[in-house]
Each structure stands twice: as structure tokens, then as C-alpha cells.
Amino acid sequence: MRHAGQSGERASPSPPPHRVRTAPPISGSPARPYLLVAPLLAVLLVFVVAPLAFVVAVSFFHYDNFAIIPAFSFENYADVLTAHLTYELYLTMIWFSALTWFFTLIIGFTVAYFLVFHVRNPLIAIGLFLVCTVPFWTSNVIRMISWLPLLGKQGLINNALLTTGVIRQPLQFLLFSDFSVVVSYVHLFTIFMIVPIFNSMSRIDRTLFEAAADAGSSRWQTLLYVVVPLCKSGIALGSIFVVTLVMGDFYVVKVMSGGSRASIVSAMYDDISTLLFPHAAANAVILMIIVVIMVSLILRVVDVRKELASQR
Amino acid sequence: MAQRRKKRARIGSVDANTAISRRNLLRAGAAALGAAAGSQVIGAPTIWAQEIKDIELRHVGVSYSVVKAIGDQASKDLGFKVTMQNLDTSAAITRFITQPQTVDIPDLEGWQTKVAVARGILQGIEVKRIKEFDNILPIFTKGEYEGKKVSRQGISPYEAMYIEKKDSTKIVEGVHDWMTFLPQVYNADSIGYRPDIVGHPVTHWKDLIDPKYKGRSAILDVPNIGIMDAALALESRGDLVYKNKGNMTRQEIDTTINALIALKKQGQFRATWTTFEQSVELMASGEVVIQSMWSPAVTAVLAKGIPCIYAPVNEQPNGKEGYRGWCNGMGLMRHLSGKKLEAAYEYLNWYYAGWQGGFVARHGYYSPVPKTAEKFMTANEYGYWYLGKPAADVIKDPYGAAIAKAGAVRDGGSFIERFTNIACWNTVMDENQYMIQRWNEFKSA
């Protein structure tokens with residue numbers, strides 16, 4: 001949705017010339033393009049704009065223990081923004097996002113690179129790509145919980161290390177810690193990096209490698225100056241997925257930190273559980289603004305639309 | 001208008017008559033039911049049976065209180081359909097408030113009752129139409145037991161029990177003719193621990209925060225009740241004495257949270273838990289050896305063959321210790337009227353007829369009318385669950401799995417011993433928002 005808005009803004013002043021060239025001639029009434037957009041617009045209005053409008057409206061309401069009173073007050077925002085807790089929660093989640101982003105990027109890029117450039121047979125490449133999606137046949141929750149018996153105090157890793165005599169005391173940091181949270185995030189979200197990067201890489205013209213080799217560049221230089229710049233749009237898209245998923249997460253933090261960490265959304269959940277809706281709504285609006293800022297920063301670094309268009 | 005009112009009155013009186021006759025039949029049927037569980041109430045008037053068979057009652061609430069097996073049994077016994085729908089506490093109260101028409105019987109805790117009554121979404125339950133009202137334990141109806149006042153810290157069931165008129169939106173003190181909710185299942189919560197590792201009997205909350213169990217203890221992460229468990233532990237350790245653990249001042253909240261943060265920094269807590277299953281896993285996997293816990297979770301750990309004791313934390317002469325009590329009850333949504341309301345009263349009365357009491361007892365919960373529940377339990381079961389006697393034979397859970405051998409005694413002793421030792425009741429405090437914020441600071445510390 002955000003992406004669509006972004007591209008809309010940019011498209012309006014000067015539509016890219018090639019778009020006009022390749023688009024089929026528009027026939028029929030001038031209302032036709034609008035009719036074509038209407039269904040999507042209706043869906044977005046009903047399922048995105050309307051609920052958001054409600055959340056924004058409620059964030060200005062008053063409330064007490066028994067009722068929510070319609071009003072226009074900045075009290076909730078003041079409460080949220082003056083709380084020490086808010087900053088702590090955002091710092092925690094941004095820290096988790098950064099770590100997760102870093103590891104998923106490294107792993108995602110490497111896997112995509114291997115699939116696209118090292119597997120010669122395209123059929124096998126597609127097959128291996130599908131294998132990457134196999135874990136998605138089970139639910140997020142199962143994949144996350146499957147770490148518990150591995151990392152626990154009496155889990156596989158600790159047992160193996162204890163029996164081989166490497167350690168004497170079980171390693172506590174493995175589970176119910178920031179470590180286990182990030183491990184879980186990386187496991188859950190790497191696929192969101194692989195897919196768009198794989199996509200961008202597949203479009204790279206192989207002759208560029210020959211050209212680079214002819215021009216005397218090493219493999220490493222080719223990677224850095226040819227592949228990475230041409231994958232920028234994929235990396236940006238993957239980063240948007242990973243960052244928004246982590247910022248809005250509540251369950252992974254809860255389970256994998258053993259409840260020893262709070263997230264922005266879990267704090268909202270605690271509000272809602274005792275009907276403090278306006279406070280939670282204000283928090284939600286602030287979270288949305290911050291995530292939009294993060295996403296637009298990513299889009300500022302990489303103009304995804306231009307990158308995608310120029311490759312066609 | 002007047003005409004309509006007259007008509008309604010007429011229908012009401014007719015229905016009341018049938019209801020009364022049916023209720024007598026129900027009582028007669030109840031005894032037969034014990035033997036032939038599942039059969040319809042024999043001889044219910046055919047006209048009534050015809051009228052009610054299309055009625056559907058939707059009972060909505062948390063899974064430990066609104067149980068499908070109980071609804072199925074009620075449908076069989078009563079001849080109309082009862083549908084059980086499970087939501088968590090917050091989703092449930094939100095639904096009661098925002099979509100009252102989609103619920104007939106709301107499952108309510110004390111604080112939810114307070115909110116629901118103030119919002120005017122309930123109608124009063126008429127005391128004289130509750131057949132077993134006089135047999136409800138006075139803990140609930142009068143706030144006392146055997147002359148001893150039951151703790152009023154937090155929201156005790158009695159505190160949220162009465163309104164003056166059917167449509168009143170104000171809860172009042174003292175016994176009145178209209179009830180806000182009818183208690184149906186309750187228990188007293190304390191600490192669960194591994195006797196093989198802890199090595200001594202736990203009878204004090206302070207063991208939860210004892211440095212001996214550093215990195216091996218856990219606490220409940222539902223802020224409004226987790227903080228009470230913490231308060232019980234701090235009071236037990238002698239940090240402070242609360243005026244009301246169920247309604248703390250900001251200062252008391254600060255002291256409690258600061259102490260929790262200090263404990264967390266020292267590495268006391270291995271984890272916090274939010275769901276029943278998590279608490280079972282923590283204990284069963286050996287991650288923790290002592291934690292705040294719920295009774296069926298202890299049973300579930302035992303069922304895995306791992307020793308686990310539910311600590312008896314009777315009040316001490318110095319006023320410290322005691323259990324954290326909770327109680328869920330049933331309300332009547334305001335939109336109920338006519339035959340559906342009659343059916344709802346039938347349903348409420350069915351709860352007190354004993355089958356449900358026998359059922360919940362088998363996973364460690366209690367009925368407010370033990371007298372009828374007793375008829376639906378074996379003498380062995382009643383002795384074990386209610387009287388705190390050693391089991392004469394194997395004790396089974398509601399689904400037939402053995403959970404205690406002959407000779408075993410229920411932790412915490414008799415039911416009366418537990419319930420005369422309640423220190424505070426589940427609640428939502430006046431300073432709720434501040435408390436939740438500080439609780440999250442503890443979480444992110």
C-alpha cells in the first residue's frame with residue numbers, strides 16, 4: 001500500500017516516457033481507467049483506510065476505567081511520548097530490526113547468489129528455490145517453537161556440549177535471551193530477503209560478467225560493482241519486509257525471550273487487555289509513523305520503481 | 001404500549017409456570033442423570049420442549065471457564081442448544097461491549113462485571129429465580145464464611161455481586177434482589193514447584209524470589225495479576241505491607257516494580273509466562289523449578305510424570321501469605337427476553353444442579369454450590385478434591401487420565417482451608433494504566 005502511494009506520487013508529475021510508448025492504446029470512454037482501479041480502490045478504502053481512520057480517531061479519545069469518551073485531546077500522545085518506556089521499547093525493536101536485517105541480508109544475498117549464478121541448470125535452481133520455501137508449509141509458530149528443544153537448558157545443544165565436556169554448566173544465554181529472539185527472526189524472515197534478491201539477480205544480463213572480466217575486474221570487484229548495484233531494488237524490498245515485520249512483531253519476542261523482553265506491540269496488547277484503547281491507538285499511530293519513516297528512508301536510498309522499470 | 005406490556009406480562013407468567021414445573025422435574029431428573037448421563041430430561045412437558053428446541057444460547061468467554069463438554073451436556077439435558085465460544089479475557093469483554101447482540105451469556109470476572117454493569121449491557125439476575133441461591137457459599141453471596149469476612153483486596157466476587165434494580169448500572173453493597181453475575185467456577189492460585197529440586201516444602205511466597213532459585217524461577221506475565229503475585233512475594237519477604245494489593249497506590253506500584261527490576265537484573269527470573277501451556281513447558285522442561293502457577297497446570301505437569309506441588313500458602317498469624325483468588329461467573333445480556341430469557345434462567349439453574357460442579361472439580365476447580373456437585377462425584381473424588389482427604393482409589397481427570405494414586409492428598413488441603421485463606425482477588429486497579437506501563441518497564445529492563 002505504502003509502495004503504491006509512493007509510486008503514485010512520483011508518477012503524476014512526469015510519467016516515464018517508455019511507459020507511454022509500451023502501453024497499449026487506450027480505447028473506450030475516458031472513465032475506463034478509473035473503473036479499472038475502482039475494485040482495488042474499494043478494497044483499500046474498506047480494509048485499510050477505514051480501519052486506520054478509526055484508529056486515528058480513537059487515539060484522540062478520552063477514557064476512564066469504564067468507558068471511552070469521544071473527544072479531541074492530545075493527552076494520549078503526550079502520555080506515550082513522555083514515557084521513558086516508549087523510547088526503551090523503540091530502541092529495543094530498532095536494535096532487533098538492525099541485527100535481523102544484517103543477518104538476513106548476508107544469508108539471503110548469499111543463498112540467492114548461489115542459486116542464480118552457481119547452479120547452472122535452471123530447473124535445479126528453481127527446485128532449490130522452492131526448497132527454500134518448504135519451511136513455509138508449516139506455521140510461523142511451529143517454526144519458532146521448534147527452537148525451544150534445541151536451545152533449552154536441557155536442549156540438544158547444551159546436552160551435546162555438556163557430554164563432550166566443552167562446558168560444565170548449561171549455557172543459559174541460548175534460550176530466553178536476545179540471542180534466541182534474533183536467531184528466530186533470522187530463521188523466520190530470511191526468505192523475505194531471498195525472494196526479492198533472487199528476483200533481481202535473475203534479471204542480470206550474464207554478458208555483463210564477461211564484460212567485467214574483459215575489463216579486468218576480479219570476481220570480488222564484479223560482485224561489488226556489478227551485482228550489488230543491480231540487486232539494489234531486491235535488497236530494498238527485502239529490507240522493507242524484514243524491518244516492518246520485526247517492528248510490528250509481538251509473538252516472537254514474547255515466546256523466544258521467555259517474556260523477559262517487551263515489544264512495542266506487546267505493550268499495546270497489555271493496554272488493550274484492560275480496555276485502554278485510546279492509549280493503545282495513540283501508540284499504534286506513532287508506530288505507524290515511525291515505520292513509514294523507516295520505509296521511506298529505505299526508498300530514498302533506492303528508488304525501487306526506477307530500478308524495476310529500467311530493467312524491463 | 002400498555003397492551004404490549006400486558007401481553008408480555010401474560011407470556012412471562014405462563015413461562016414462569018412452565019419453568020417452575022420444569023425445574024421440579026429437573027431436580028427429579030438430576031438424580032436419574034447421574035446414572036444415565038446424557039439422556040434427555042424424561043417427561044419434560046412436550047409444549048415447552050417444542051417451544052424451546054429452536055432456541056440457541058451463546059455462552060462466550062475464556063476456555064477454562066466456558067468449556068465445550070459442559071455446553072454439550074447442558075444441551076442434552078435441557079433440550080435446547082447451548083453453543084460455547086472461547087475468546088481470551090480482553091477479546092471477550094471487547095465483544096460484550098461492542099457487539100452485545102452476538103452474546104447471550106457472557107462469562108465474567110469481577111472487573112469485567114464492573115465494566116459491563118457500568119456500560120449497561122447486562123440485565124440483573126433475579127435472586128428468587130435461582131433455585132439453589134441459598135446453597136451458594138456465603139463467600140460469594142455475603143462476602144463471609146463461617147462468620148469470618150473474606151478478603152476484600154482486589155475485586156472479590158461479593159463486591160461486584162448486587163444491583164438494586166433489574167436495569168441498574170450501579171453496583172451496590174449489601175445483599176439485594178438482583179445479581180450482576182452468577183459465580184460458576186473459581187479457585188485459589190499459588191506457586192507450583194518441583195519438590196525433588198527445591199528440597200523443602202514451600203509455604204511462603206518469598207521462595208519465589210529467593211536467590212537460591214536464581215535463574216530458575218518464573219512469574220506470571222499478565223500485568224494485573226502478575227503484579228499481585230509479586231506483591232504477595234514482596235510482602236512475604238517483608239519489603240512492605242500493602243494497604244490493598246488489589247488496588248495499589250502509585251507509590252506501591254513503584255516499590256513493587258523497582259523490586260522486580262532489581263530481581264531481574266540479578267538474574268532471578270528465567271522467564272515470564274502468559275499462557276497455561278507455557279507454564280507447563282517451563283516446569284516440565286526443567287527451565288524453572290518454582291513459579292506462579294495455576295492448578296490445572298500443576299495437574300498437567302504431574303500427568304507428564306514429573307513431580308510438582310501446588311504450594312499451600314495459608315495466611316500466617318502475621319497476616320502475610322494467602323492465595324490469590326479468582327472467580328468466573330455468568331451474566332445475562334440485556335437483549336435477552338421472552339423464551340430466550342426463560343431458557344437462559346434454565347441454563348443458569350442447570351449449572352447449579354451439580355453436573356458442572358462434578359466436572360470442574362476433576363481438574364481442580366470448584367463449584368459455588370458444593371452440595372449439588374457432591375452428588376455427581378464419587379465419595380472418593382469428593383473426599384479428595386473438596387475435603388482434602390487421602391484418595392482411597394486412583395483419581396482421574398475429566399477426560400479419564402489418572403492424576404493421583406491411592407493415598408495421595410490434594411496440595412493445599414481442603415477446599416475450605418484454601419478459601420478461608422484468600423489474600424486478594426483478581427482485579428484491575430484504579431491506577432491500571434500506570435501499572436501496565438511500569439510492568440512493561442520491568443519486562444524491558
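**Close-up views of a two-chain predicted model**

**Figure 1. H5(A) crosses H13(A) in a right-handed manner.** A crossing counts as right-handed if the near helix is turned clockwise from the far one by less than a right angle, and left-handed if anticlockwise. The model is predicted: local features need pLDDT of at least 70, side-chain atom pairs count only at pLDDT 80 or more, and totals for chains, interfaces and linings use all residues. Residues are numbered from 1 along each chain as its sequence is written, while chains are lettered from A and ligands numbered from 1 in the order in which they are written. H5(A) spans residues 84-118 and H13(A) residues 232-247; they pack at about 145°, with axes 9 Å apart. Axes are lines fitted to C-alpha atoms, for helices over the stretch in contact, and angles run from 0 to 180 degrees between N-to-C directions. Helices (H or I, at least four residues) and strands (E, at least two) are DSSP runs, numbered from the N terminus. H5(A) contributes residues including Phe96(A), Trp101(A) and Leu105(A), and H13(A) residues including Ile235(A), Val242(A) and Met247(A). Residues are in contact if their C-beta atoms, placed from the backbone, lie within 7 Å. The contact of H5(A) with H13(A) holds nine nonpolar, six polar and no charged residues. Ala, Val, Leu, Ile, Met, Phe, Trp, Tyr, Cys and Pro count as nonpolar, Asp, Glu, Lys and Arg as charged, and the others, Gly among them, as polar.

**Figure 2. The contact between chains A and B takes 28 residues from chain A and 29 from chain B.** On chain B, elements that each supply at least two residues include helix H4 (89-98), helix H8 (223-237) and strand E13 (269-273). H17(B) gives the largest share of this side, eight residues. The side of chain B that touches chain A consists of nine nonpolar, 13 polar and seven charged residues.

**Figure 3. Helix H3 of chain B (residues 68-78) has five named buried positions: Ile70(B), Gly71(B), Ala74(B), Asp77(B) and Leu78(B).** They lie on the same side of H3(B), because they cover an arc of only 130° around the axis; the arc is that of the directions from the helix axis to the C-beta atoms. A residue is buried if 20 or more other C-beta atoms lie within 10 Å of its own, with C-beta atoms placed from the backbone. Gly79(B), with a positive phi near 85°, follows H3(B).

Conventions: Buried ≥ 20, exposed ≤ 12 C-beta atoms within 10 Å, placed from the backbone. Contact = placed C-beta atoms within 7 Å.
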